[in-house]
Amino acid sequence: MTMSMTNRKPLLVLLFILASWITFIVFQNSTEVWTALKLTFSFHYWNFIMKSSCPKVPLNPGVSPTETELRIKEIMEKLDKLIPPRPFTHVKTTTSATQSRATILNPQDTYCRGHQLDILLEMRDHLGHRKEYGGDFLRARMSSPALKAGASGKVTDFNNGTYLVSFTLFWEGQVTLSILLIHPSEGVSALWRARNQGYDRVIFIGQFASGTSFANSYCALVLNSSAELCKYLDPRDQEAFYCMKPQHIPCAALTHMHSKNKKVSYLRKQERILFKRSNVGVEIMENFNIINVSKCNKNMAPMKKKCKFGMASTIPSGYVWKDTWNPISCSLAPVEIKECLKGKFIYLMGDSTIRQWMEYFKDSIKTLKSVDLHESGKFQHQFAVDLDKNINIQWQKHGYPLVGSLTYSVKEIEYITRVIDRTGGEKNTIIVISLGQHFRPFPIDVFIRRALNVHEAVQRLLLRSPETMVIIKTENIREMHSDVERFGDFHGYIQYLAIRDIFQDLNVGIIDAWDITIAYGTNNVHPPISVVRNQINILLNYSC
């Protein structure tokens with residue numbers, strides 16, 4: 001053992017010398033070695049960051065999907081309380097317009113202009129039995145056709161089968177009163193349940209084109225299929241549209257779209273009877289519907305302030321007289337449209353009811369010239385300019401869903417939240433948004449999500465450009481008897497309530513197209529030009 005250790009001493013000395021030499025070399029090149037070590041670590045760290053910390057959606061989107069879902073749930077719960085289930089066993093037990101009783105409180109031979117007329121409704125079923133709960137969808141209106149005058153009435157539901165309908169007598173002369181039972185409460189409950197059951201009352205047909213290959217495919221907001229799907233997703237706003245993927249054609253090759261109504265109903269057989277033409281919009285005020293209104297006192301009505309942006313609205317919000325809209329809380333002045341819009345950039349975003357504004361502007365401002373954007377079809381992007389007055393006006397459709405039997409291009413389709421986000425905005429920028437009609441055939445959460453996302457985009461815009469004017473034009477009433485389950489005004493009214501609730505915390509203007517079109521009595525999805533003119537006059541008074 002001693003002999004072995006002695007022989008190894010020279011070897012240990014040699015190893016020591018070798019180790020010292022290696023250490024010396026390393027320290028001589030320490031800068032380069034450490035740099036290499038750091039570089040290797042840095043790349044590893046960057047790869048880790050990329051994998052674990054970079055989300056697939058933009059950072060700081062403003063509101064998390066969880067918050068949006070909670071808000072949707074909150075609004076849905078509000079609406080569910082407003083529209084409780086009203087099951088029925090027979091049509092005879094539903095609300096009847098002819099059996100219900102209307103009583104004018106404090107009746108008079110002649111009424112005074114400016115006073116309020118109240119009518120108490122006692123609702124009964126077809127057997128004459130008093131109803132014990134509310135929820136009927138009523139529409140109250142007063143009118144004088146010879147004066148081209150009209151106004152809505154305020155309906156108060158006491159939730160016990162009785163209602164108070166209040167009319168403010170805005171003008172003198174002979175006035176006709178109308179209270180329509182649009183749907184009984186049982187029909188309202190059925191429509192609400194049916195609406196939220198399915199996405200397939202309207203189906204979409206997408207056209208794909210790739211080189212010499214062409215294909216049509218079914219598309220929808222929701223597709224329950226095991227086949228491969230094309231998913232067109234806005235990851236931040238969590239809004240999606242789907243198509244069945246055609247064979248051998250990429251998803252990006254989707255170019256055009258149209259829709260058609262599908263023969264599907266979520267109403268039960270007995271419920272459908274409630275929506276026959278003869279059962280929709282039945283008059284309650286058949287026996288005494290005409291009153292006389294006089295001036296009564298000679299005192300001049302107090303002068304109202306000029307309408308300004310951000311003023312609170314009332315119910316009703318105004319009245320029509322001599323075919324002109326008169327708000328209750330303020331006065332509208334006639335405005336020279338071309339001078340008012342000088343230097344303005346106006347973005348009109350939404351459906352065809354706001355496209356009517358674009359058409360009105362082009363007809364009214366003769367020097368406004370359309371710019372060819374090389375698009376085609378009913379929903380093509382429109383842009384018009386007046387170079388002398390520096391007026392720029394454009395209309396752009398909202399994103400899916402777009403219901404229409406005519407084929408339209410989707411090559412440039414985008415959600416209006418994205419358009420708002422890339423708008424700089426300033427004091428000469430006006431944005432008018434209108435959503436609603438195309439959402440009626442689908443579950444209400446689709447509309448609520450879109451309205452919330454638009455709300456967040458508008459909020460971001462007003463943070464960076466608080467002088468930008470943003471106006472929400474609510475949807476209007478439409479044909480009363482056409483396809484009630486898909487497009488009926490009950491669906492529109494619920495959306496009207498939702499959008500007013502969603503935008504109440506922002507400094508935006510509201511043009512109450514719902515109340516205006518009730519006052520005018522225009523049961524048309526596209527109101528006549530007189531209505532459009534008066535809506536635009538509100539915008540002009542806000543702007544100038």
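Close-up 1. Ser210 sits opposite Ser213 of strand E10. This is a predicted model, so local features are shown only at pLDDT of at least 70 and side-chain atom pairs only at pLDDT 80 or more, while totals for chains, interfaces and linings use all residues. Residues are numbered from 1 along each chain as its sequence is written, and side-chain values use heavy atoms, leaving out hydrogens and water. Strand E9 (residues 202-210) and strand E10 (residues 213-220) run antiparallel, joined by seven bridges. Two strands count as paired if DSSP finds at least two bridges between them. The strands themselves are DSSP runs (E, at least two residues), just as helices are (H or I, at least four), numbered from the N terminus. Two residues lie between the strands of this hairpin, and Gly211 has a positive phi near 65°.

**Close-up 2. Strand E10 also pairs with strand E12.** Strand E12 covers residues 239-244 and lines up antiparallel with E10 over two bridges. Look for Cys219, which stands opposite Cys243 of E12.

**Close-up 3. Four strands make an open sheet.** Read across, the order is E1-E3-E7-E6, with antiparallel pairing. Strands E1 (95-104) and E6 (154-157) are at the edges with a single partner strand each, so one side of each has no neighbour in the sheet. On average, neighbouring strands here are turned by 25° against each other, direction ignored. (Axes are lines fitted to C-alpha atoms, for helices over the stretch in contact, and angles between N-to-C directions run from 0 to 180 degrees.) E1 and E3 (residues 116-125) share six bridges in the antiparallel sense, and Ile104 has Ile119 of E3 as its bridge partner.

**Close-up 4. Ser530 is tucked into helix H13.** The helix spans residues 529-543 and includes Ser530. Ser530 counts as buried because its relative accessibility is 12%. (Buried means under 20% relative accessible area, exposed over 50%, and partly exposed in between, with a 1.4 Å probe and protein chains only.) Setting aside neighbours within four places in sequence, Ser530 is in contact (heavy atoms within 4.5 Å) with Asp323 and Tyr520.
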